[in-house]
Amino acid sequence: MGKTEPEKTPRAVSKSFMAVGPTLHYSHENVQRCWLFAVVAFGLNCLFWSKIVTGSFWSFDLNALGKTANWRLDQFAVGGVSIFEYPWQILVLGLLMGILGVAPLLMSQLLSFRYSVLFVLGVFFLANLPGFAICLLVSCIAVACRPLRFRSRIIAIALCTAPQLVYWGFFGGARGVEPIVWGFSFAPWVCAWLIGLVVAGVVLGIGHYTRYRPGLIWIFTFVVLLMAIALFEGKIGFDELDYQLYVAKNDPEQISEFHDHSLTEALDKTIVDPTVRRYLAGFFYPTEAIPLREELKREIQIQLSYDRWPSWFIVPEELKYQENRQWLNEQYDLFLSPPKPWWMPTWLHSQLTKRRTVSRRMPIALYYKALLSEYSPDIKLLGEKEVLHFYSDYPHEKSRKIWYLLYRECGYSAESLEAQWCIAKHWAGQGRFDLADELLAETQADLPERMEVIAEQPIENETFFSPFHPPVESVMTVVKLTELQRRIEQLRSLISSQNRSDQQESVQRLARFAMLNPHSLDYGWHLDALLSQMGQEDPLRDNIRLAKANLVADEQLRAEQLDQLHKEFQDTDGGMQALYELARLKIRLYQDESNPEQKKKRLADARSTLTSFLSLYPESYCTEQVKKNLDALPTVE
């Protein structure tokens, strides 16, 4: 018998832990080409994401990688273009985040993990989402592993999106808000998960019947990008994006540096600082504490008139308003004159800039820029109360061009009404009284309609969708327009023919007086100079004497002068204004009084003065305000 050879056991070939997908069965050149197209389309998605959430196509910051705030997504949902003001932003963010979350997984599943690495890097560097990129990396590794190579590829994709879901759940919710707002803040990320699964299902469904040809991923990535761009531009727009990023959140009136701040503590620290004392010793400053303080305050006033602090003054952070003013101006300019990116053709940038001039947000941007330019330290109040206060009720020459631009380009807006008053004020200072009065009359005629439109804004009812509200169309309020109306009527009364004669000198004096800055240190000197140039019968004399009376610091003495001025010029606009100022002063004296008996007397005195004003000047522009003040006071017992 012959020998039989032993039966050989087949040796199992070991398989790698990371599998390759069915798309790699096609020609390598075709796969590489489609993969490059997908990388480009995905990179464009990342750049567009960066643009709509930060305003810049490149926002990567290496120093911010370790900050938790840089990982959070709520800033993109409720900040900038907020989903509560622009609900379509939910779908835009959902489309982009959805394709960012699923395209790398499809690439890792249908090709191999190494083909998804560039996609993860794109999310990390281009979209500036480092936390999300880490979750994507975990998902791409998981979906390429053999334990998750199910027959149903969509189930594998759904399971491997778990890291993204954890990220969206942990970093996607808004903080410090009501529960209903917190719940709605997850809407973009829920939408992103659903869109990602839909895209993955369509790609895998079509791929099942086309044997997973390599062109599907880049085509759908590009289609989603086009959908997001079309939806964003059609429903929101890049003008609105820039407005929300650079203008809407930068109202000068809301900036803390321009609120009132006491200088007392900072001045105390400066005076006792050894370095400062050695510096001051080299100059002719007083050595006693009280005279030294007054001299230093005087120096601060002089330097602030040039919009700077003295070199020896130790400026705390809350008083460094110059830096904030410069930063705000830069923000407004980013909206008014967008810088040209290096890759954008000049003709395209020119067209975009021209389109920006007709933006419905241009009036607000110009109004904020002009208002910021007007903000100036009240150096008189600083010397009296050691308080840094900013005023904006005087139109400076440096702001004139901005107000003119606002009036010329955006005359249809409510913000232009403020510009018209400023322009009329400048014209009055040039002696062009008839032209100024004509412009003021036009503005005054438009005010009631504007105020009615603002006052008729619908009152929001408490409903499930009450967090959603449209963005404001104008920053002008009824309070602002009411104050503007008072200033218009006051200026029209001042420049009327009753305050000037036919003589050229009288016209020049009125023009000078109309443009005097009541907040300047030399205001009183200019008033004295005007009084010395006019006779006793000059029609402007009552107005200048009223201005001088308002400068009196002692309230009792000021009340006596106002009362005397009213009796002497009862039939003039200055006499009427003197009684109005006297009534306001008596109301303030009543409110500040602590003694019950004296408080009762001051109340009776204030009501008597207000009632007298109503009987003497029933047609005055101050009448409505006087009635409100009278109704607000309690009755005399």
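**Terms and values in a predicted model**

Analyst: Leaving aside its neighbours within four places in sequence, R487 is in contact with E418 and W421, where contact means heavy atoms within 4.5 Å. The model is predicted, so local features need pLDDT of at least 70, side-chain atom pairs count only at pLDDT 80 or more, and totals for chains, interfaces and linings use all residues. Residues are numbered from 1 along each chain as its sequence is written, and side-chain values use heavy atoms, with hydrogens and water left out.

User: Why is R487 called buried?

Analyst: The relative accessibility of R487 is 12%. Buried means under 20% relative accessible area, exposed over 50% and partly exposed in between, with a 1.4 Å probe and protein chains only. R487 therefore counts as buried.

User: Where is R487 found?

Analyst: R487 lies in helix α22, residues 478-494. Helices (H or I, at least four residues) and strands (E, at least two) are DSSP runs, numbered from the N terminus. The chain has 29 helices and four strands.

User: What covers the buried residues of α23?

Analyst: The cover includes α20, α21, α22, α24 and α25. Among the buried residues of α23 (504-514) are V507, L510 and F513.

User: What makes α25 and α27 roughly parallel?

Analyst: Their axes come within 7 Å and cross at roughly 25 degrees. Axes are lines fitted to C-alpha atoms, for helices over the stretch in contact, and angles run from 0 to 180 degrees between N-to-C directions. Angles under 35 degrees count as roughly parallel, over 145 as roughly antiparallel, 65 to 115 as roughly perpendicular and the rest as oblique. The two helices are therefore roughly parallel to each other.

User: Why is α5 called roughly antiparallel to α6?

Analyst: The axes of α5 (130-144) and α6 (153-160) cross at roughly 150 degrees and come within 9 Å. That angle makes α5 roughly antiparallel to α6. S139, A142 and V143 of α5 make the contact with A156, I157 and C160 of α6.

User: How does the radius of gyration of the chain stand against that of a compact globule?

Analyst: The chain has 35 Å, whereas a compact globule of 637 residues would have a value near 26 Å. The radius is taken over C-alpha atoms, and the globule rule is 2.2 Å times the number of residues to the power 0.38. The C-alpha atoms fill a box of roughly 150 × 60 × 60 Å along the principal axes.
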